[in-house]
Amino acid sequence: MAVVTEPKVIDPTELSGSGQIPVERVATPKTPEEVAKMVTEALQESKTLLPLGGGRDLFTARKTFDIGISLKKLTNGFRHTPEDLTAIVPAGMLFSEVQAKLREANQWIPLDPTDEGNSTVGGIISANRSGPRRHWHGTARDWVIATTVVNGTGKIVKAGANVVKNVSGYDLNKLYIGARGTLGILLNMSFKLAPIPDKRVTFRACFSTPEEALGMSKQINKAPVEVEALTVVKGRWAAAKAKHWWVLIELMGTEQSVADQSTVLSSILEKSSANRWGKASEDDTQFYWKTAQFGNDEAAPSSTEAAVSIPKSKVDKLVCNLAEEMPGCSLKILPACGSVTLELDESSDRKTFIDQVSGLNGAVEITGSNVSSAEDRWPLTPPSLHLMKQLKKHLDPKGLFAPGTFVGGI
């Protein structure tokens, strides 16, 4: 196996956001067959491979690899079937480009991950990324219906089918969603699609305490309104200089439906303990949701973020504990999804925080420039780790794909 002494620096126009990639060389296949050939050759030569997309979620655990396989040129084969609400998408296509194409038929892949326009579809699926609209639409596991991959033996294999209703065999697609490229190289994915709502409108309400904000979230979830997104934000994920706890609510539907729902929601907020509330203009709506995803410019982010997945019934307890123990921290919460993101700075008691998440049966992923190992990034060992290791051994028997870069050092 080759020993890499100096990382190769990839031109940012080739792989944006990646910085230095510790590989001996980078290959840019244009067809699935070229990818399969590269994997077969790597097997024969005992080389390690690092799949590369847009680079946003790339994590190397400071390990070195022999070959980086950039999928940015694997862009042929897009096929949209509007009448069936399905699309086949090559892994190297930009997610923003795919959504633009689907929008021509008033359809979309119902995922809204943080994306500055340089994320590939394969990268988003490999990292299982989503956004605030996960509240209504769920995650990639709800929308990917087929995958084509090159496996650890160099073969092109397919799981699932390009139809919305498919009950034949095991649903192996879900193995590759969120696997971070450790089980194989995604070539293309088939998605079921959704119509774009006729109308969306955003309401914004400010509360003094997390208990009030989270309590209002529960009340809204029980109301007769179609909430596409509901997020509680504080600190850098709120508008600049905004104080307290803000609840962002997005309603969707037809023009008349949204008007009726707005009346219902206005009545709820009018009777609440909100310090202030209101319906956002179109410009303000874009600003609020963009800030809730990317953060605002005036609140300088720390270098470290922790993304927590926790049972929905325990979100309130975790958030209130964090608010008491780290009163100045920034938080972004999707209450109905069991998702809590917070910033960790040098003063944060990281051990106590991780112990709290563990005690509430949660999982945590920590990202930042000072996260250098799989143990740093995923400090809690999942109960399913032994099964994950067995899957890795079965699907990638020679340990070709990004070894040592995932949970438990997989």
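Because the model is predicted, local features need pLDDT of at least 70 and side-chain atom pairs count only at pLDDT 80 or more, while totals for chains, interfaces and linings use all residues. Residues are numbered from 1 along each chain as its sequence is written, and side-chain values use heavy atoms, with hydrogens and water left out.

Two packed helices are described by the angle between their axes and the distance between the axes. Helix α6 (residues 210-222) packs against helix α9 (residues 315-325) at an angle of about 160 degrees, and their axes are 10 Å apart; here helices (H or I, at least four residues) and strands (E, at least two) are DSSP runs, numbered from the N terminus, and axes are lines fitted to C-alpha atoms, for helices over the stretch in contact, with angles running from 0 to 180 degrees between N-to-C directions. The angle makes α6 roughly antiparallel to α9, a term used for angles over 145 degrees. In the contact (heavy atoms within 4.5 Å), Pro 210, Glu 211, Leu 214 and Lys 218 of α6 meet Asp 316, Val 319, Cys 320 and Ala 323 of α9. By class, this contact of α6 with α9 has five nonpolar, no polar and three charged residues, where Ala, Val, Leu, Ile, Met, Phe, Trp, Tyr, Cys and Pro count as nonpolar, Asp, Glu, Lys and Arg as charged, and the others, Gly among them, as polar.

Helix α9 also packs with helix α10 (residues 350-359), at an angle of about 165 degrees and with the axes 11 Å apart, which makes α9 roughly antiparallel to α10. Leu 318, Asn 321, Leu 322 and Glu 325 in α9 meet Thr 352, Phe 353, Gln 356 and Val 357 in α10, and the residues of this contact divide into four nonpolar, three polar and one charged.

Elsewhere, three strands form an open sheet in the order β3-β5-β4 with parallel pairing, two strands being paired if DSSP finds at least two bridges between them. The edge strands, each pairing on one side only, are β3 (23-27) and β4 (49-52). Four bridges join β4 to the parallel strand β5 (residues 65-70), and Leu 50 stands opposite Gly 68 in β5.

A search of the whole structure finds zero disulfides (pairs of cysteine sulfur atoms within 2.5 Å). Cys 320 is in no disulfide, and the nearest cysteine sulfur, that of Cys 329, is 12 Å away.

Key
Angles under 35 degrees count as roughly parallel, over 145 as roughly antiparallel, 65 to 115 as roughly perpendicular and the rest as oblique.
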